[in-house]
Amino acid sequence: MNSVVSDKKFIELSSPQKIWLSVFALSLFMLFVALFGGGAKYPKVFLISTFGIGMLSGIVFIRKTYAYETAGIKNNFIMMMKHTAKGSTAWFFGILFTSFYVCLYWHADLLENLVRMVDPISYMLRAKAADQWFLYGTFYTACVLVMGYRMLLKYRHSRYQTVRTLSVMFFQLVFSYLIPSFLAKLNQPEFYFTYFWPLKYDALFPGSVASLRQSGNVGVFMLFWSVAMIAIATPLLTYFYGKRWYCSWVCGCGGLAETLGDPYRQLSDKSLKAWKTERVMIYSVTVLITITTILVWLDSVYGGGILGTLSASMKKWYGFFIGAAFSGVIGVGFYPLLGSRVWCRFGCPMAAILGILQKWFSKFRITTNGGQCISCGNCSTYCEMGIDVRWYAQRGQDISRASCVGCGVCSSVCPRGVLNLENGPKATRVLDEVSLVNMLHDKNKA
Ligand code: SF4
Ligand code: SF4
């Protein structure tokens, strides 16, 4: 990677861009003032000067940056700038995101002033005071909406990217923010219809099941929904469309990665070592949550003794290391340093299950027209899952890798139209282990 030098050398901002960027910086400054007391004292004032002004200035800045440029990918010195090439700005944002997650999970008291700041929205949507998770959901949704707008402009030449981005924006806003809030207002469980076991790891724990059953018919429906989504909808939709139906169209983690994380997608590790690590880690996490769920159930039936101690510590351990530290602190906090899909690639048990289904039981594949490939490498560079797409393109081979989330960016950035995301008859899919073995061999030689 090229050395990182001052970004000013690469970016020439117009006067309106500079003004709106300064306004955005001001809204970040106001966020700090809100954090240190202002948010609790004058919630409405700070709500407008942080979320309101921040979202507005972000949207206008994005419009002034992308709307007048040619659509599609331009490298624009992305491998040299501090923000996108692990320079000082990336470290600043990495530390900022990580600190926020550490406070969120383990020191929520430090966020108290920000939590009070979002009280007015919480009372309006949920008829009760906010907590740190509502604050998180508000930030999360704002990021997906503003950065989703950026995706819409940046990839406006691709219908697939437009519809997919609208989809993640819709699911985040409606299914992960508004519906749970309205349910809370109606005194029903704050249920997230787009999260199921094993991604929502405690969804099938006996305590969660019992609590839903106590909520009457609505709770029983939610329970039925959870089971039906994982047991029926997941295999069926993955058979027809691959794991993309969830990872790149519905999931909130994927939604954030595809919007806020887009400027960092090129940072994904493409090395052979990363590929080997990915396979060990993601399947280990899946085995762990399966064992934990079984143990917790056995404990609830047979109760106590060694089983109780073991299941309690497994539950605690998984919640701390995987549910909080890995998926939140590392998964999002490290976007600017490790790329946007670290959690999805190395840790998410839902992605692991979908990946197995995609590889062995799905119609989905990316077809390649090798004769057209000019080996520019754009596809491999921008694959957030670290797949060496060019390797397949050069050979004219279908890509049906378990890790591919079907984001379609490899296809959208290809200048020659080599790559196509397709759902064809399973029998015509070229799924050969020989390609993978050859690739390992080629990479080992390199
Ligand atoms: S191979 Fe293409 S569609 Fe699959 S994850 Fe990589 S960039 Fe996205
Ligand atoms: S498939 Fe397209 S983007 Fe990838 S190396 Fe070939 S020409 Fe470049």
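A residue is called buried under 20% relative accessible area, exposed over 50%, and partly exposed in between (1.4 Å probe, protein chains only). By that scale W360, with 41% relative accessibility, counts as partly exposed. The structure you are looking at is a predicted model, in which local features need pLDDT of at least 70, side-chain atom pairs count only at pLDDT 80 or more, and totals for chains, interfaces and linings use all residues. Residues are numbered from 1 along each chain as its sequence is written, and side-chain values use heavy atoms, with hydrogens and water left out.

W360 sits in helix α16; helices here are DSSP runs of H or I with at least four residues, numbered from the N terminus. Together with I232, L236, Y239, F240, Y241, I356 and F361, W360 forms a nonpolar surface patch with about 800 Å² of accessible area. Areas come from the Shrake-Rupley method with a 1.4 Å probe, and for residues only the protein chains shown count as cover. Both α9 (216–241) and α16 (349–361) supply at least two residues of the patch, and α9 gives the most, with five.

Now for the enclosed parts. Helix α11 (residues 252–259) is largely enclosed by the rest of the structure, because seven of its eight residues are buried. They are G252, G254, G255, L256, A257, E258 and T259, and they pack against α6 (132–154), α7 (159–185), α10 (244–247) and α14 (335–338). In helix α2 (residues 43–66) you will find T50, which counts as buried at 6% relative accessibility. Beyond its neighbours within four places in sequence, T50 is in contact (heavy atoms within 4.5 Å) with S27, M30, L31, M55 and M117.

Finally, the ligands. A residue belongs to a shell if one of its heavy atoms lies within 4 Å of the ligand. Ala, Val, Leu, Ile, Met, Phe, Trp, Tyr, Cys and Pro count as nonpolar, Asp, Glu, Lys and Arg as charged, and the others, Gly among them, as polar.

| Shell | Nonpolar | Polar | Charged |
|---|---|---|---|
| Ligand 1 | eight residues | two residues | no residues |

Around ligand 1 are residues including I366, C383, M385, C404, C407 and C410. Ligand 2 is surrounded by 13 residues, the closest being C373, C376, G377, C379 and C414. Helices α17 (378–382) and α18 (389–395) each supply at least two residues of the ligand 2 shell.

Technical notes
Chains are lettered from A and ligands numbered from 1 in the order in which they are written. Patches are made of residues with over 30% relative accessible area and no salt bridge: like charges are joined within 9 Å, nonpolar side chains (Val, Leu, Ile, Met, Phe, Trp, Tyr) within 5 Å. A salt bridge is a side-chain nitrogen of Lys or Arg within 4 Å of a carboxyl oxygen of Asp or Glu.
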